[in-house]
Amino acid sequence: MDNNTRGPAWITPPPLLYLLGVLVGIALNRLHPVPFIPAVSKRWRRALGVGLLAGGLGLAGVAVRTFREHGVNPDPRTPVPTLVTQGPYARTRNPIYLGFTLASAGLACLANAGWCWPSLLGVLVVMQRGVIPREERYLAQRFGQAYADYCARVPRWL
């Protein structure tokens, strides 16, 4: 992999993985309805869903803006010119993916689709084993000790 002309290789675009997870969960829920949070009123479920969706999209948006402020294209197929450790990246190494996870849970809550729990878990397994390790190998090759120090300070998720 040429670190100067392209970014890390991954299976499929991460936003697509999250979208597919939600769509699979909603489709399965239409076939066999299972409530997302059974013992919660519709009003509270909607409030929770809106909060998770807004919080997740907000976190992802701030992370993308932080990337752009540092001259980094958020598209992970492109080379990374600098290691960004400010803003949300000071608290989690994957704020965009964390935001997508929260937003997916919010959509599932709003759709009251219980099947989204196992499908979101599947997405997280793919992210944890197939996507993030590839990105981390790329960043370790690209930034060496600076990236190792960053990983020692900042957790992958929270």
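How many salt bridges does the structure hold? The structure holds 3 of them, where a salt bridge is a side-chain nitrogen of Lys or Arg within 4 Å of a carboxyl oxygen of Asp or Glu. Before we look at each one, a word on the model and its overall form.

This is a predicted model, in which local features need pLDDT of at least 70, side-chain atom pairs count only at pLDDT 80 or more, and totals for chains, interfaces and linings use all residues. Residues are numbered from 1 along each chain as its sequence is written, and side-chain values use heavy atoms, with hydrogens and water left out.

## The chain as a whole

The protein chain has 4 helices and 0 strands, so its elements read α-α-α-α from the N terminus on (helices are DSSP runs of H or I with at least four residues, strands are runs of E with at least two, and both are numbered from the N terminus). Along its principal axes, the C-alpha trace spans about 50 × 25 × 25 Å.

Of the 158 residues, 40% count as buried. Buried means under 20% relative accessible area, exposed means over 50%, and partly exposed lies in between, using a 1.4 Å probe and protein chains only. The accessible surface comes to about 8700 Å², and 64% of this belongs to carbon and sulfur atoms; such areas come from the Shrake-Rupley method with a 1.4 Å probe.

Contacts tell us how the chain folds back on itself. Taking contacts (heavy atoms within 4.5 Å) between residues at least 6 apart in sequence, 83% join residues at least 24 apart.

## Salt bridges

Side chains of opposite charge can pair when their charged atoms come close. Here are the pairs in this model.

| Pair | Closest N to O distance |
|---|---|
| R65 and E69 | 3.5 Å |

Start with R65 and E69, which are 4 residues apart in helix 2 (residues 42–69), a separation of about one helical turn. R65 is partly exposed at 49% relative accessibility, while E69 is exposed, with a relative accessible area of 56%.

Through shared partners, salt bridges join R93, E136 and R156 into one network.

## Aromatic pairs

What about the rings? There are 3 aromatic pairs, counting rings of Phe, Tyr and Trp (its six-membered ring) with centres within 6.5 Å; planes under 30 degrees apart are stacked, over 60 edge-to-face and the rest tilted.

One of these pairs is F67 and Y89, with ring centres 4.8 Å apart and planes at 15 degrees, so the pair is stacked. F67 lies in helix 2 and Y89 in the loop between helix 2 and helix 3, so the pair ties together parts 22 residues apart in sequence. F67 is buried, with a relative accessible area of 18%, and Y89 is buried at 4% relative accessibility.

Another pair is Y147 and Y150, which is tilted because the planes stand at 45 degrees, with ring centres 6.2 Å apart. Both residues lie in helix 4, 3 residues apart, about one turn of the helix, and both Y147 and Y150 are buried.
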